[in-house]
Amino acid sequence: MKLKDKILVAFFIMIAMPITMICVAASTIINLQMNSIHETYDVDSDTREVLTTPIQILNRLTRGVYNEIKLAALKTPEKLEDFNYIESLNRDIQNKYSFITVRKNDQFIYSGNTRKLSLISNSLPSFGVYDTDVDGGIYVGGKNPFLVKAQDFFFSDGSEGTIFVITDLNVLVPQIKAVAIQTVISFLLILFFTASILMLWIYRSILRPLNILRIATNQIRKGDLNYSVQFASDDEIGQLCDDFEKMRIRLKELIEDRLKYEEDMKELISNISHDLKTPLTAIKGYAEGLTDGVADTPDKQEKYLKTICAKANDISALVDELAFYAKIDCNTMPYSFSHINLHNYFSDCMEELKLDLEVKNIEVTFQNDVDPSVLVVMDAEQLKRVINNIVGNAVKYLDKKQGRIEIRIVDRDEFVHVSISDNGAGIASQDIPFIFNRFYRADASRNSKKGGSGLGLAISKKVIEDHSGQIWAESELGKGTTITFSLRKVGNGSEPYSSKGELENE
């Protein structure tokens, strides 16, 4: 769920959920209290009437007894002097939280509840004040509210008498108050419950992932790039956590690449120092021999000078290869890719190789199993460098009197595979994965005594990869080595281009 959707849901919950729960709670509370009132007072009125006109409800409770008293006062007032009759009337209304009191002149001669009478005696209306034509009685408020109905009559001796029907309102009022109090308490509890749910939801969906991001940021600030942010959600914060995790991984990769690059640079400097030190030491030694007069004959002097020249050429070749490797390693080599006929290109290469290798008693064979019209995308000059590096390595490690180098081209769907095989010393299986690393020399197959910069195969690998191809080696000790690289045929997509964007047909 998106963050904006969560906000809308939260807004709906804040409005709808409390209202719904309050309505349910209020309805439950009112129903319970109304049932209690109905059972207590034996009335059958709806809730609205009980809450709006509770005194009228209580008026109905004693209406029958009061009407009987009014009738007796008009027709047989002597009955109102009979305490047995009064007692029977009082028993009829006791279960309705009411009682009867009789007053003669200013003295109370009968009371159905003396304790409650003492609370209201001074507030009872005087003889002749109460209007019996008004239904409902009078409300006597204060600390102890009562509903009072009165009927005046004369005793047989001519004394003024009043009979009161008094109903205690303290019983009903607490129940109505309870409805209000319980409703308010329920409202507060519902608000607290709703707020708790929203806080928990917001914490789980917003605050917790933000806290995770904060901790992760602090860990990264301290240099700990292994602290992973794991939070599965499809909202904006989940996407932010996912982007943060991708950033952390990328940053870690960049730092690891940087550390590896620095380590490689240290190794490169160390290897360069080692490879330069050997010819420089030789040049220094032979130069000192010439200076000290050790070479005391023209033949020795010529030999010393030729050696110095050869070592200087070795240093020059190493520097040139280092400069070239730096260009291709930094992707600044200005390739010039063209559509070149593979058959014609290798036919020309074979002519040059045969002339160079025949004088070294090395037999060169060439087999092309690809259609003569096939074109490939390549930089002719840089591919020639690759072939010369591989063939040069093969010549360097030939240990047979009759050397043999075979070049074969085969068709492989979108690519052509060029294999260069020799019958040299071979390479140990544990060394094969590393022979394309710069300056790598296996003890048996790439001994430093053979000379060379140690960059030839590393350069070849980078050039072939820049041609969207691959290069690999297969070898067996004592039998020889085969190095194969692939070139993409024209018209198969993903064709490489030079930094100038040139692509020519030949």
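At 39% relative accessibility, Glu465 counts as partly exposed, a class that lies between buried (under 20% relative accessible area) and exposed (over 50%), computed with a 1.4 Å probe and protein chains only. The model is predicted, so that local features need pLDDT of at least 70 and side-chain atom pairs count only at pLDDT 80 or more, while totals for chains, interfaces and linings use all residues. Residues are numbered from 1 along each chain as its sequence is written, and side-chain values use heavy atoms, with hydrogens and water left out.

**Salt bridges**

Glu465 meets Lys461 in a salt bridge, a term that requires a side-chain nitrogen of Lys or Arg within 4 Å of a carboxyl oxygen of Asp or Glu. The structure holds 15 salt bridges, including those in the table.

| Pair | N to O distance |
|---|---|
| Lys461 and Glu465 | 2.6 Å |
| Asp157 and Lys104 | 2.9 Å |
| Arg250 and Glu253 | 3.6 Å |

Lys461 and Glu465 are separated by about one helical turn, because they stand four residues apart in helix H12 (residues 456-466); helices (H or I, at least four residues) and strands (E, at least two) are DSSP runs, numbered from the N terminus. Lys461 is partly exposed at 29% relative accessibility. About one helical turn also separates Arg250 and Glu253, three residues apart in helix H8 (residues 236-292); Arg250 is partly exposed at 45%, and Glu253 is partly exposed with a relative accessible area of 36%.

Asp157 and Lys104 form a salt bridge that links distant parts of the chain, 53 residues apart, with Asp157 in the loop between strand E4 (146-154) and strand E5 (160-168) and Lys104 in strand E1 (residues 98-104). Lys104 is partly exposed, with a relative accessible area of 25%.

**The five-stranded sheet**

An open sheet of mixed pairing is formed by five strands in the order E7-E9-E10-E12-E11, where two strands pair if DSSP finds at least two bridges between them. Strand E7 (362-368) and strand E11 (471-476) are the edge strands, each pairing on one side only. E7 pairs with strand E9 (residues 403-412) in the parallel sense over seven bridges, and Gln367 has Arg408 in E9 as its bridge partner.

Helix H10 (residues 342-358) packs on the sheet and touches E7, E9, strand E10 (415-422) and strand E12 (480-488), contact meaning heavy atoms within 4.5 Å. The direction of H10 makes about 170° with that of E7, where axes are lines fitted to C-alpha atoms, for helices over the stretch in contact, and angles run from 0 to 180 degrees between N-to-C directions. Helix H11 (residues 380-396) lies across E7, E9, E10, E11 and E12, and runs at about 170° to E12.
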